[in-house]
Amino acid sequence: MKVNGVEERFAAEPNELLVERLRDGLGLTGTKVGCDTGQCGSCVVRLDGKSAKSCLVLTVAAAGSDVATIEGVAGPDGQLSGLQEALRQEHGTQCGFCTPGMVMALGELVDTTAGGPAPTEPEIREWLTGNLCRCTGYHSVVRGVQRACATSRQEG
């Protein structure tokens, strides 16, 4: 499998979860473990371009896939992605535990709406239903996504 653009080769146990491989096997601890049941969204990664809860994916099922984690989102020079910067500007993070999963899930929304109509607030909130946050109340996160989408359109 490729992880953040780097080919990774390893042997995995049949019951190993992708989140375990990322965190324990590859040291990519930005992917968080919250509930272990797929409810909280803190473990979201992009699996072949689509958001996936890595606590629900077996590593062997991801063989041959492209996996993107939060560590692969910023530019090589450490510059924040457009979504990360927009969330920072709108104060869309607080404790930060849910942030990696939200960035990975919402990044898909920003990417899929680029060039088309901007997502509405209800659409953004619907997209957020798989990511729980106990700190922000989601208002600032929604504003961050709106800012990221607007910036993306201006740059595109």
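1. Helices α2 and α3 make a right-handed crossing. In this context, right-handed means that the near helix is turned clockwise from the far one by less than a right angle, and left-handed that it is turned anticlockwise. The axes of the two helices come within 10 Å and cross at roughly 110°, which makes α2 roughly perpendicular to α3. Angles of 65 to 115 degrees count as roughly perpendicular, those under 35 as roughly parallel, those over 145 as roughly antiparallel, and the rest as oblique. Axes are lines fitted to C-alpha atoms, for helices over the stretch in contact, with angles from 0 to 180 degrees between N-to-C directions.

2. The model is predicted: local features need pLDDT of at least 70 and side-chain atom pairs count only at pLDDT 80 or more, while totals for chains, interfaces and linings use all residues. Residues are numbered from 1 along each chain as its sequence is written, and side-chain values use heavy atoms, with hydrogens and water left out. Helices (H or I, at least four residues) and strands (E, at least two) are DSSP runs numbered from the N terminus.

3. In the contact of α2 with α3, L83, Q84 and L87 of α2 meet V103, L106, G107 and V110 of α3; contact means heavy atoms within 4.5 Å. By class this contact has five nonpolar, two polar and no charged residues. Ala, Val, Leu, Ile, Met, Phe, Trp, Tyr, Cys and Pro count as nonpolar, Asp, Glu, Lys and Arg as charged, and the others, Gly among them, as polar.

4. Helix α2 (residues 82-89) also packs on helix α5 (residues 139-155), where the axes come within 8 Å and cross at roughly 135°. The two helices are therefore oblique to each other, and their crossing is right-handed. On the α2 side the residues are G82, L83, A86, L87 and Q89, which meet V141, G144, V145, R147 and A148 in α5. Six of the residues in this contact are nonpolar, three polar and one charged.

5. The largest nonpolar core has 22 residues, of which L83, M102, L106, L128 and V145 touch the most other members. A nonpolar core is a set of buried Ala, Val, Leu, Ile, Met, Phe, Trp, Tyr and Cys residues joined through side-chain atoms within 4.5 Å. Helices α2, α3 (99-113) and α5 each supply at least two residues of this core, and the largest share, seven residues, comes from α3. Leaving aside neighbours within four places in sequence, L128 is in contact with M102, L106, Y138, V141 and V142. A second, separate core of eleven residues includes M1, L18, V45 and V67.

6. Two buried loop residues deserve a look together. N131 lies in the loop between α4 (121-127) and α5, and G41 in the loop between α1 (18-25) and β3 (44-47). N131 is buried with a relative accessible area of 4%, and G41 is buried with 2%; buried means under 20% relative accessible area, exposed over 50% and partly exposed in between, with a 1.4 Å probe and protein chains only. Not counting residues up to four places away in sequence, G41 touches K53, G101, G130 and N131. With the neighbours within four places likewise left aside, N131 is in contact with C40, G41, V44, G101, M102, A105 and Y138.

7. Two residues other than glycine have positive phi. N4, in the loop between β1 (2-3) and β2 (6-7), has a phi of about 55° and counts as partly exposed at 27% relative accessibility. H91, in the loop between α2 and α3, has a phi near 60° and is exposed, with a relative accessible area of 60%.

8. A last point concerns E155, which is in helix α5. E155 is exposed, with a relative accessible area of 67%. The C-alpha atoms of E155 and Q79 are separated by 16 Å, the two residues being 76 residues apart along the chain.
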